[in-house]
Amino acid sequence: MLDYLNWSVEELFQKAASPAPEPGGGGVSAMTGCLGAGLLSMVARITVGKEKYKEFMQEITGIISSLDKNMEALKSLAQRDMDAFNGFMEALAMPRHTPEEKALREQKKQQAALLSAGVPLEIARTCLSCLKVANELAAIGAKLAISDVGVGAHLLEASLKGALMMVDDNLGYINDMEKVKKLIEEKEQLTLEAEEVYRTTLERVRARMKE
């Protein structure tokens, strides 16, 4: 098991660039999303205590709480994505010499494929939740750091799209077409919703930057 939270930043960069399969697209998407959420949290914390924004303190406090929760979720999801990939590879490596072995291998493979699609889908859901927070923060966060809200939104949008690409990558291994259909439907809904939230967030950021 790769315990990536104990890596140095340099180790993370080196491992991401290595030929090793993990961290892969899903895990990196979660990590990048966590960085995006971190930028939003920084802006929210800068806003706290400033007289100019005291009327928004209740909203800002809620934003900080939401981001803290989502950042912890993304940290966990990065690890879960790496574990899911390893579980899928373990399933593929199972023996298949007898009909019983083949059946067990296929069962484990299907379970692992569903998990390998489900984890990045959860990463995308969490990134969308953070994007919605960015949209709110763009209107009430300290203008001094409002551009960082835009950067955070860019990272979260890219992370969401990256995670959904990993969902796509795993669909071909799933035999249950009803489950595939549901995964595709949610993926498409997340994409549409994220595009709208992302667009309005950047509009708000750019408007505040010109004030």
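Because the model is predicted, local features are given only at pLDDT of at least 70 and side-chain atom pairs count only at pLDDT 80 or more, while totals for chains, interfaces and linings use all residues. Residues are numbered from 1 along each chain as its sequence is written, and side-chain values use heavy atoms, with hydrogens and water left out.

**Helix dimensions**

Helices are DSSP runs (H or I, at least four residues), numbered from the N terminus. The expected span is 1.5 Å times one less than the number of residues.

| Helix | Number of residues | Span, first to last C-alpha | Expected span |
|---|---|---|---|
| H2 (residues 25-47) | 23 residues | 33 Å | 33 Å |
| H6 (residues 177-209) | 33 residues | 47 Å | 48 Å |

In both H2 and H6, the span is close to the expected value. Just after H2, Gly-49 takes a positive phi of about 85°.

**Packing of helix pairs**

Two packed helices are described by the angle between their axes and the distance between the axes. Axes are lines fitted to C-alpha atoms, for helices over the stretch in contact, and angles run from 0 to 180 degrees between N-to-C directions.

Helix H3 (residues 57-92) packs on helix H4 (residues 99-140) at an angle of about 160°, the axes being 9 Å apart. H3 is therefore roughly antiparallel to H4 (an angle over 145 degrees). The crossing of H3 and H4 is left-handed, a term used if the near helix is turned anticlockwise from the far one by less than a right angle. The residues of this contact comprise 22 nonpolar, six polar and eight charged. Here Ala, Val, Leu, Ile, Met, Phe, Trp, Tyr, Cys and Pro count as nonpolar, Asp, Glu, Lys and Arg as charged, and the others, Gly among them, as polar.

The axes of H5 and H6 come within 10 Å and cross at roughly 165°, which means that H5 is roughly antiparallel to H6. This crossing is also left-handed. The contact of H5 with H6 has 16 nonpolar, five polar and four charged residues.

**Buried residues**

Buried means under 20% relative accessible area (1.4 Å probe, protein chains only). The buried residues of H6 include Val-180, Leu-183, Lys-187, Tyr-198 and Arg-208. Among the elements that cover the buried residues of H6 are H4 and helix H5 (146-171).

Glu-157 lies in H5 and is buried, with a relative accessible area of 12%. Not counting residues up to four places away in sequence, Glu-157 touches Leu-131 and Tyr-198, where contact means heavy atoms within 4.5 Å.

Notes:
Helix = DSSP H or I, 4+ residues; strand = E, 2+ residues; numbered from the N terminus. Parallel < 35°, antiparallel > 145°, perpendicular 65-115°, else oblique. Buried < 20%, exposed > 50% of the residue type's maximum accessible area, 1.4 Å probe, protein only.
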